[in-house]
Amino acid sequence: MTEREAIALDAAAVPPEAALAKPLRLGLDRRRLLIGLAVAAGVAAPLVVQNFTIFQLTMVMIYGLAILGLNLLTGFNGQFSLGHSAFYGIGAYTAAILMSGSAHLAYYWTLPCAGLVCFVVGIALGLPALRLQGLYLALATFALAVALPQLLKSHFLEDLTGGVQGIVIDKPDPPFGLPIDADQWLYYFTLAVLLVMFAAAASLVKSRSGRAIMAIRDHPIAAAAMGINIARYKTLTFGVSALYTGIAGALGAIVVQFVAPDSFNFLLSVNFLVGLIVGGIGSIPGSLFGGVFVLFIPNLAEKVSTGLSGAVYGVILLLLIFLMPLGAAGFVRSAAAWLARLGRASTRQSTGKKTS
Amino acid sequence: MKKITRRTMLATAPAALALVSLRARAAKKYGPGVTDTEIKVGNTCFYSGPGSSYGTIGKSEAAYFKMVNDQGGVNGRKINFISYDDAYSPPKTVEQTRRLVEQDGVLLMLNPLGTPTNTAIQHYLNQKKVPQLFAGTGASKWNDPKHFPWTIGWQPSYLSEGHAYAAYILANKPDARIGVLYQNDDAGKDYLHGLVEGLGDKAKSMIVAKASYETTDPTVDSQIIEIQAKNVDVFVDIAIPKFAAQTIRKSAEIKWKPLHILIGAANSVAATLKPAGLDNSIGVVSDFFLKDPTDPQWQNDQGYKDWLAFMDKYYPGGDKTDLYNVLGPCFAQTFIQVLKQCGDDLTRENIMKQAANLHDLSLPMLLPGITINTSPTDFAPIKHIRMGRFDGQKWALFGPLISGQLPV
Amino acid sequence: MEQLLQQVLAGLATGAIYATMALAVVMVYQAIDHLNFAQGELATFSTFLAWQMIAWGWSYWVAFIVTVAVSFLIGVAIDRILFRPVRNAPILSQLVAFIALFSILNSADGQIWNFTIKSFPTPFGTKPLFGSGLVSTHQAGMVAVTLVMLALLYLFFRGSRLGLAMRAAAANPEAARLVGIRVGWMIALGWGLSTAIGAVAGMLIAPVVFLDPNMMLGVLLYGFAGAVLGGLSSPGGAVLGGFAVGIIENLAGTFIPFVGQELKLTVALIVIVAVLMVRPAGIFGRVAVSRV
């Protein structure tokens with residue numbers, strides 16, 4: 001984790017060559033301004049909204065983090081997964097077992113543990129995944145998603161997992177006597193984890209390894225020809241992706257205060273996938289929008305019609321795909337480009353008027 | 001409309017407190033969500049996802065409250081029943097429950113549906129001291145007033161149904177070789193535990209075959225063969241209607257005739273026995289606490305006629321063969337009795353006090369003789385069931401009322 | 001030993017369900033080069049249509065034929081209205097369209113026909129076939145219909161000009177367009193065909209598992225597994241794969257002592273993944289060779 005933070009900090013420092021190229025620096029500055037504004041809004045949010053909304057925003061961040069994990073694998077490395085509900089579930093159960101059992105670990109220690117467990121499981125699954133592609137990989141990961149609830153319920157693990165009854169955990173109190181309540185504290189805690197993880201992902205993607213990961217997605221044969229160790233990068237990406245989603249699962253367990261086997265079925269995987277696509281494949285901030293979608297759109301659909309909420313949800317999905325086939329991130333990008341063109345056109349027009 | 005922020009809430013709190021104390025002097029005591037004309041009640045149910053067949057419980061309940069409101073409400077107050085979808089997903093239940101309690105400001109949660117979903121909100125509601133009234137599940141853990149004074153169940157527990165089957169088997173077939181098919185979830189395992197507990201020392205020798213299924217299994221043929229191969233003569237079928245109907249039909253096809261026991265959740269004539277074949281179902285035994293609207297013996301019963309009239313007028317789209325559409329109104333009627341007992345003291349404390357103070361309450365669609373009873377130490381409103389055997393037309397009830405509780 | 005035989009027989013009977021669905025899955029894959037995740041829901045919807053016609057008093061065969069025809073048109077319409085606009089979107093975006101379709105159909109089924117299970121008639125009767133009653137005449141009929149469909153499709157795709165054009169359009173749209181094939185309509189035709197096959201599958205499966213909005217949820221999972229095991233490029237392989245999944249699952253559930261019924265699906269999936277390790281394109285599938 002500390003290494004990651006170091007990488008993140010490194011990346012935050014302005015690269016010297018950027019200072020030379022003026023237009024690039026402008027773009028960078030605007031980007032940093034936006035990120036700064038978003039973080040400020042994130043920090044201020046719990047002070048102005050109700051506790052219930054704080055809880056919802058916390059869940060949005062958690063789903064966003066889980067979707068970011070999937071994004072690293074699918075969006076950046078081109079490997080398809082329907083099994084991320086399992087990583088989320090393993091992370092959640094790791095946290096719940098460590099917090100409630102004889103271990104009685106503090107909640108913040110469960111995150112690295114959940115991340116580590118999922119990283120190992122991810123690597124173990126990444127190895128066979130090397131031989132599988134596309135739909136075949138989808139089926140293999142899908143097998144994992146189907147198997148996890150059954151394994152959690154099975155009599156081998158019942159003593160550990162609480163079987164079909166699940167595990168209830170207590171909500172952590174804010175530390176150091178901070179004058180905020182438990183919901184606000186969990187929000188800030190999640191926000192901090194989220195920022196670190198997103199920054200780490202951003203710098204990973206920009207790094208040498210990140211370029212290798214994307215080269216494998218875009219052209220595996222060319223990547224291999226350039227001397228990229230495909231097997232190693234693919235397996236590692238699987239592990240890191242599982243780590244992200246696992247940490248999100250652990251946070252989810254702490255915030256919801258309850259884990260049960262059937263919460264982690266393959267429908268959750270489908271939700272993550274939908275969030276990924278709607279947010280924008282291969283876009284890091286898009287993952288957060290995916291989290292917004294996963295949490296809020298079912299509520300919106302329900303408002304329209306209780307009986308037909310599933311149908312309304314489907315129609316909303318279709319509309320989104322028609323309106324922004326490249327996801328929210330792609331939509332924002334093309335909208336920004338369009339605005340820029342418009343701006344350029346209008347300046348050209350006005351200067352044209354002046355001269356005439 | 002003015003937006004409520006934390007700050008304005010803090011600012012208005014003392015004023016609100018003053019208002020409450022003023023009302024107290026006027027002998028009217030209101031909790032959150034209550035006014036002179038309205039009571040806000042929250043609920044979560046499964047309207048989407050794989051559990052959506054249960055959604056009609058919430059819909060029929062909402063329809064029933066609409067009828068009550070049209071008739072003037074309870075003590076002049078209309079019931080504002082706010083029901084949200086949780087898609088049978090505990091994280092969503094927590095979200096929706098918090099929305100109801102913190103944003104909509106409901107007085108209480110009325111029969112949230114499902115075991116894992118209720119478990120997920122039990123701590124939260126007890127910490128907040130919000131009644132989790134008549135939880136819509138048959139788990140036995142809701143009857144624990146010592147640790148969870150704000151949670152109360154409603155229907156007979158799966159555990160007690162399991163006890164009843166054990167008692168029936170011990171009395172009628174003491175040398176039975178029992179085979180069990182059960183759904184691999186909390187309800188299925190509760191039934192199984194109940195059966196094992198009820199059989200006591202003999203459970204080990206009597207239960208010779210156990211097989212589970214998942215709801216995604218297309219058929220349970222493999223399980224049936226496995227159980228049949230152990231020379232089973234009593235078959236306890238802990239399955240939802242789809243699979244119960246499959247087992248009844250399959251055992252008829254392979255001419256396997258054990259004593260077939262169905263669980264109470266799957267004994268509807270229209271939903272299980274008709275698809276399975278009425279002739280194939282002769283001799284099947286099950287347990288009851290509600291009147292099955294598709295059972296011809298209730299055609300002239302007043303409770304059934306009233307229910308039918310209600311369905312025709314207020315829920316015409318609802319399936320009149322679905323037992324869940326009986327369950328919804330029964331939940332509502334129990335709650336209305338609690339409200340009547342509360343009078344003008346509609347605080348959360350009094351709601352729980354009155355919910356734990358129900359005596360011999362009978363509802364129109366509960367089986368004759370079955371009543372609701374609670375006390376401060378007894379949070380299990382419905383305890384009794386009756387056994388019945390299918391005669392090809394209707395369920396012939398037999399034997400006395402059985403209390404599923406084991407003699408301690 | 002006798003139980004082994006019985007479990008294999010029962011596995012074949014359930015396998016017939018998976019095989020029917022697996023065949024439909026592969027046909028779509030051949031025609032549109034995608035797995036159709038809404039295929040199960042489309043089949044359920046078609047079966048509900050047939051059920052409704054029979055409930056109106058139509059005879060079984062009239063309902064059957066009308067349903068197949070209507071389903072064909074529904075398939076074509078879905079392609080023209082929903083999928084043509086997103087054909088150039090990334091594959092994953094199209095996947096979302098499938099999920100949306102799934103959600104819409106499932107929700108509509110429940111609203112229109114409610115959730116009480118319904119029995120669906122069979123033209124083959126339900127008498128036991130080998131005395132034991134594990135395989136009924138209906139299940140034998142189901143296998144027969146599946147095999148006949150397989151044969152017809154084989155002839156259609158290998159022998160007829162239209163079939164060849166459809167295959168070309170799915171396999172290499174650019175080249176197909178160059179030789180004058182109307183690719184868009186070929187894909188629409190593929191949709192219609194697969195929806196019609198799905199309707200037949202639904203009407204064959206419903207008598208065994210009962211009709212309700214979630215009827216195909218489990219079946220489709222097993223159908224996918226069978227199709228992938230057999231090989232997505234091989235209809236015959238998919239049918240065999242479906243049967244194999246049925247048998248593997250039953251044997252694992254009954255005879256591996258610590259597994260039991262509770263983990264049988266898990267074990268079946270592990271077996272499939274293990275097979276895929278050895279044969280990454282399925283047992284009968286051709287490995288696609290990518291050109292640099």
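In which hand does H6(A) pass H12(A)? The crossing is right-handed. The views below come from a predicted model, in which local features need pLDDT of at least 70, side-chain atom pairs count only at pLDDT 80 or more, and totals for chains, interfaces and linings use all residues. Residues are numbered from 1 along each chain as its sequence is written, while chains are lettered from A and ligands numbered from 1 in the order in which they are written.

**View 1. Helices H6 and H12 cross in chain A.**
Helix H6 covers residues 107-129 of chain A, and helix H12 covers residues 230-256. Helices here are DSSP runs of H or I with at least four residues, strands are runs of E with at least two, and both are numbered from the N terminus. The two axes come within 6 Å and cross at roughly 145 degrees. Axes are lines fitted to C-alpha atoms, for helices over the stretch in contact, and angles run from 0 to 180 degrees between N-to-C directions. H6(A) passes H12(A) in a right-handed crossing. That term applies if the near helix is turned clockwise from the far one by less than a right angle, and left-handed if anticlockwise. The contact of H6(A) with H12(A) has 17 nonpolar, ten polar and one charged residues. Nonpolar means Ala, Val, Leu, Ile, Met, Phe, Trp, Tyr, Cys and Pro; charged means Asp, Glu, Lys and Arg; the others, Gly among them, are polar.

**View 2. Chain C touches chain A.**
Chain C brings 34 residues to the contact, and chain A brings 32 residues. Two residues are in contact if their C-beta atoms, placed from the backbone, lie within 7 Å. On the chain C side, helices H4 (91-113), H9 (215-230) and H11 (264-278) each supply at least two residues. H4(C) gives the most, with 13 residues. By class, this side of chain C has 27 nonpolar, six polar and one charged residues.

**View 3. Chain C has eleven helices and zero strands.**
The C-alpha atoms of chain C fill a box of roughly 60 × 50 × 35 Å, taken along the principal axes. Buried residues make up 55% of the 292 residues in chain C. Buried means that 20 or more other C-beta atoms lie within 10 Å of the residue's own, exposed means 12 or fewer, and partly exposed lies in between, with C-beta atoms placed from the backbone.

**View 4. An open sheet of four strands lies in chain B.**
The order is E3-E2-E4-E5, and the pairing is parallel. Two strands pair if DSSP finds at least two bridges between them. Strands E3 (78-85) and E5 (132-133) of chain B are the edges, each pairing on one side only. E4 (residues 108-110) of chain B joins E5(B) over two bridges. There, B:Leu110 stands opposite B:Leu133. Helix H2 (residues 55-70) of chain B packs on the sheet and touches E2 (38-45) and E3. The direction of H2(B) makes about 165 degrees with that of E3(B).

**View 5. Strand E8 of chain B is largely enclosed.**
Why is E8(B), residues 234-238, largely enclosed by the rest of the structure? Five of its five residues are buried, so the strand is largely enclosed. B:Val234, B:Val236 and B:Ile238 point one way, and B:Phe235 and B:Asp237 the other way. Five bridges join E8(B) to strand E6 (residues 178-183) of chain B, running parallel. B:Tyr182 stands opposite B:Ile238. E8(B) also pairs in the parallel sense with strand E9 (residues 259-262) of chain B, over four bridges. In E9(B), B:Ile261 is the bridge partner of B:Val236.
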